[in-house]
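Please read the following report alongside the sequence and the model. It moves from charges and rings to the nonpolar cores and then to the metal site.

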Amino acid sequence: MASAWRRLGFYVCFLKSKLNGGPDIISRGRRVIPGCARGIYSATGTWTKEYTLQTRKDVENWWHKRIKEETSKISEADKSKPKFYVLSMFPYPSGKLHMGHVRVYTISDTIARFQKMRGMQVINPMGWDAFGLPAENAAIERNLHPESWTQSNIKHMRKQLDRLGLCFSWDREITTCLPDYYKWTQYLFIKLYEAGLAYQKEALVNWDPVDQTVLANEQVDEHGCSWRSGAKVEQKYLRQWFIKTTAYAKAMQDALADLPEWYGIKGMQAHWIGDCVGCHLDFTLKVDGHVTGEKLTAYTATPEAIYGTSHVAISPSHRLLHGHSSLKETFRKALVPGQDCLTPVTAVNMLTQREAPVVILAKADFEGSLDSKIGIPSTSPEDASLAQTLGLPYSEVIETLPDGTERLRNSAEFTGMNRQDAFLALTQKARRKRVGGDVTSDKLKDWLVSRQRYWGTPIPMVHCPACGPVPVPLQDLPVTLPHITAFTGKGGSPLATASDWVNCACPRCRGAAKRETDTMDTFVDSAWYYFRYTDPQNAHSPFNAALADYWMPVDLYIGGKEHAVMHLFYARFFSHFCHDQNMVKHREPFHKLLAQGLIKGQTFRLPSGQYLQREEVDLTGSVPVHANTKETVEVTWEKMSKSKHNGVDPQEVVGRYGIDTIRLYILFAAPPEKDILWDVKADALPGVLRWQQRLWALVTRFIEARASGTLPRPQVLSNEERAEGRKLWEHKNSVISEVTAHFTEDFSLNSAISQLMGFSNALLQASQRVVLHSPEFEDAVCALTVMAAPMAPHITSELWADVGILYRHGRAYPFFSYQPHCVPPYEGSVSHLGGFSFAIILCCFGVSLLSKLRVT
Ligand SMILES: [Zn+2]
């Protein structure tokens, strides 16, 4: 028996000769339709009538490897072709895939296959967000090194993904914990430092006393407990590294307007950033006329009126009263709780050089997330009242002209300007002098990136007693993690214990210095990974600009809603920064965003809060009760979790129902952005199983008709039969148009499957003579197979292996007419559908149509 591939190769040649005017019909005499046969057509050359459990297994076994080989191949970037970059958020290598992973990767895989079928250059890469606390905790609890734990998890999960038939661009795999990746995370950190966007300051941080690390605000729940350890979070002052995300607040807020629909995420981003109406300005602090070396940064919503400053206010919880500031005692002495207190400290505005006293306000809560602000009576009645109460001098800096316009006065070079011009001029000047001036909100804080943990990217800085913080020279990167074996999880940065590693020479003066022992927040690693996928092996830079310009922006980014703010904000920040560094031409990294919902399982909970297993619940009565105690059980749907006994193991489900069934189920059960309530018994699973059987039956009927010995002769059809064919043809066109829109616009793949189900039902009802003689019927069966292929690649590959051949023979019939409203589904190669080029099929629609189908 010739292999399927060789036979298919033959048919491609055959088709080409036919397109050049070859013979019209070839005999179908050799085809055998057995009543019952072991094996499938691709393997045995004989068609099995029933889509039984065994057939399904045979089909998946046969096609799994072949599909993977075919679709994982990435053609070298041919820049003349349009590209499509589909990206699903990369996983943390926990060692176990869960159904949430299966959902997100099924969606990205389906879209990737669809776009490949349209002839696009597609990347659908996969990698590992591999730094983070669980690896270190495993090291502490199980005495495993974080690296070996992570690597073995990656190996295991790669296999799991493979068994699910997911076709990722594995040649682009990246792992953030490997030095060839984190070298470039460090490189970008130094670029940020050089641009004045990475800095150190003492900050009140959320301290997790169990994990012994700093937590971001978002990692603390509403009860003030750690998201991971559950411990009550403490507040502590520590010198920390920050990335100055506020510098891009305005640009990122404004750029949201240019992004296409982000399915509700845009509003969350806008809210997170806040109204960008003011800026921070820097001050140096003096006591009794003496410069102290201490600095203070304070916010104002009216920087144009800065020459009218009466004071600088700080909150009673400001770090100057609690941290390690040399002015702590001075401030504390001046503090009278519950009162607005004038202090002997004066703040010198680094832009205007004007001095104003520092006041500790009675109230602890300032606007937004502020703990310091500039008092300007001209623009704030509240500030005016405070200045009057404390007897602080100030000048009025805004005058209103008879026509109502406001103009600056007593404001040095800004005098005479209108407020808007003065705002722009002043903030610009401050930025130029690097004393603040970035337009931001009173809400957004800079990004605290220091973590006192081992398993993260080392911050590439050296602290020198003479030079202060000095970046590691770029040619010395990466700063690799020292090999530490004893993890206790207690007492701050584990890196501090590696004295050989910590002690080093200062890159600037060569004197004795120490390395920074904090590592970076893992959100830094994931803030630029989408760039690395465009050029994953680059040893000379984070990525090549031309490659990034070709592949970026990501056309479709798929991931969980929980990343709507932090990850997406940080990733956008890095992209804006790389753009300003001339590393990439696009400013925004993600064109379209698809935030997929959760997969929830049914939970059974006792009034005490204890979760029960399904077997422990008696569901026979009117209300569910505990089988033993007869206590009433609350039934709800919650995110799948081991502790709630409502999880489903992907491997087990795939083993039972097959890959295509699970894919179809996940896509059919709900639109991507909605939650799926996983109930295999009462839900969509039987429906998608039956649909596959119907598809199989449909193709079987078609094959049987063609193998009957009667040659197809369209001219024998009656007028009614021709009308029936015509109706199928119109139905097909409308389905193609709708399904294509679902794939490209709203991603309602559940609606796409509904359309295809309805279409297959219509085809199953066709009369026997139409099945045999109508080219419209034949065309419709093929279109159905092709459209279902991205969602159920295995069964459709097998159906295509046979029907595709018939189809091409049928194409010789001359009466197919092209109608302008007909939109054929996908342009280009359907490489895994038996190695044929779908473009060849489309030739039958008329070559001129192809040019109209160019993807925009
Ligand atoms: Zn030095």
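## Rings, cores and a metal site

In this predicted model, R158 lies over the face of W170, at 6.0 Å from the ring centre. The charged end of K373 is likewise placed over a ring, that of F366, at 5.2 Å from the ring's centre.

Across the whole structure, a search finds 33 aromatic pairs, and two of them are set out here.

| Pair | Centre to centre | Angle between planes | Class |
|---|---|---|---|
| W447 and F574 | 6.3 Å | 80° | edge-to-face |
| Y550 and W551 | 4.9 Å | 75° | edge-to-face |

W447 belongs to strand β17 (residues 447-448) and F574 to helix α18 (residues 566-580), so that their pair links parts of the chain 127 residues apart. W447 and F574 are both buried, and Y550 and W551 are buried as well. Ring pairs also join F90, Y529, Y530, F531, Y533, F543, Y557 and F590 into a cluster.

The largest nonpolar core holds 179 residues, of which Y529, Y530, F574, W678 and F777 touch the most other members. Helix α21 (residues 684-706) supplies the largest share of this core, with 11 residues. Another core, of 30 residues, lies apart from it and includes C279, F283, L327 and I374.

The zinc ion is coordinated by the SG atoms of C464, C467, C506 and C509, at 2.2 to 2.4 Å, and its site is tetrahedral, with angles of 104 to 114° among the 4 donor atoms. The donor residues follow the spacing C-x2-C-x38-C-x2-C in sequence. Among them, C464 counts as buried at 7% relative accessibility, whereas C467, at 24%, counts as partly exposed.

Definitions and conventions
Residues numbered from 1 in each chain as written. Predicted model: local features only at pLDDT ≥ 70, side-chain atom pairs only at ≥ 80, totals over all residues. Heavy atoms only, no water. Core = buried A, V, L, I, M, F, W, Y, C linked by side-chain atoms within 4.5 Å. Buried < 20%, exposed > 50% of the residue type's maximum accessible area, 1.4 Å probe, protein only. Helix = DSSP H or I, 4+ residues; strand = E, 2+ residues; numbered from the N terminus. Donors = N, O, S within 2.8 Å, 3.2 Å for Na, K, Ca; no water. Tetrahedral: all angles 85-135°; square planar, octahedral: opposite > 155°, others 65-115°. Phe/Tyr/Trp six-rings, centres within 6.5 Å; stacked < 30°, edge-to-face > 60°. Lys NZ or Arg CZ within 6 Å of the ring centre and 35° of its normal.
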